[in-house]
Amino acid sequence: MTTHDLKIWPEWFNLVIMRTKEFEIRKADRPFQPGDTLRLKEYEPTTGTYTGRVGICRVTCVLSNMPGLLPGYVALGA
């Protein structure tokens with residue numbers, strides 16, 4: 001199992017923390033696998049800085065090559 005450190009913008013971070021958003025759409029730039037951990041670090045794009053808030057979730061499934069999903073991207077159940 002691998003831990004992936006990922007940036008996440010504030011509007012999406014808040015939904016993850018509230019457990020309203022239970023998936024991530026990400027570039028398939030690393031070997032995501034079920035059981036991996038996502039360490040989502042809140043990132044403020046207007047200032048280019050991290051806020052210090054972190055959310056942790058476990059990958060439950062990885063979907064790729066699906067209708068509606070751009071090539072090179074994955075949907076991660078988390």
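How many strands form the open sheet, and in what order? Three strands do, in the order 1-3-4, and the pairing is mixed; two strands count as paired if DSSP finds at least two bridges between them. Keep in mind that this is a predicted model, where local features need pLDDT of at least 70, side-chain atom pairs count only at pLDDT 80 or more, and totals for chains, interfaces and linings use all residues. Residues are numbered from 1 along each chain as its sequence is written, and side-chain values use heavy atoms, with hydrogens and water left out.

**Confidence**
- The protein chain has a mean pLDDT (the predictor's confidence in each residue, from 0 to 100) of 95, and 100% of its residues reach 70 or more.

- Strand 1 pairs with strand 3 (residues 37-44) in the parallel sense, over six bridges.
- Thr3 has Thr37 in strand 3 as its bridge partner.

**Arg26**
- You'll find Arg26 in strand 2 (residues 23-27).
- At 15% relative accessibility, Arg26 counts as buried (under 20% relative accessible area; exposed is over 50%, partly exposed in between; 1.4 Å probe, protein chains only).
- Leaving aside neighbours within four places in sequence, Arg26 has contacts (heavy atoms within 4.5 Å) that include Leu6, Phe32, Leu40 and Tyr73.

Definitions and conventions. Helices (H or I, at least four residues) and strands (E, at least two) are DSSP runs, numbered from the N terminus.
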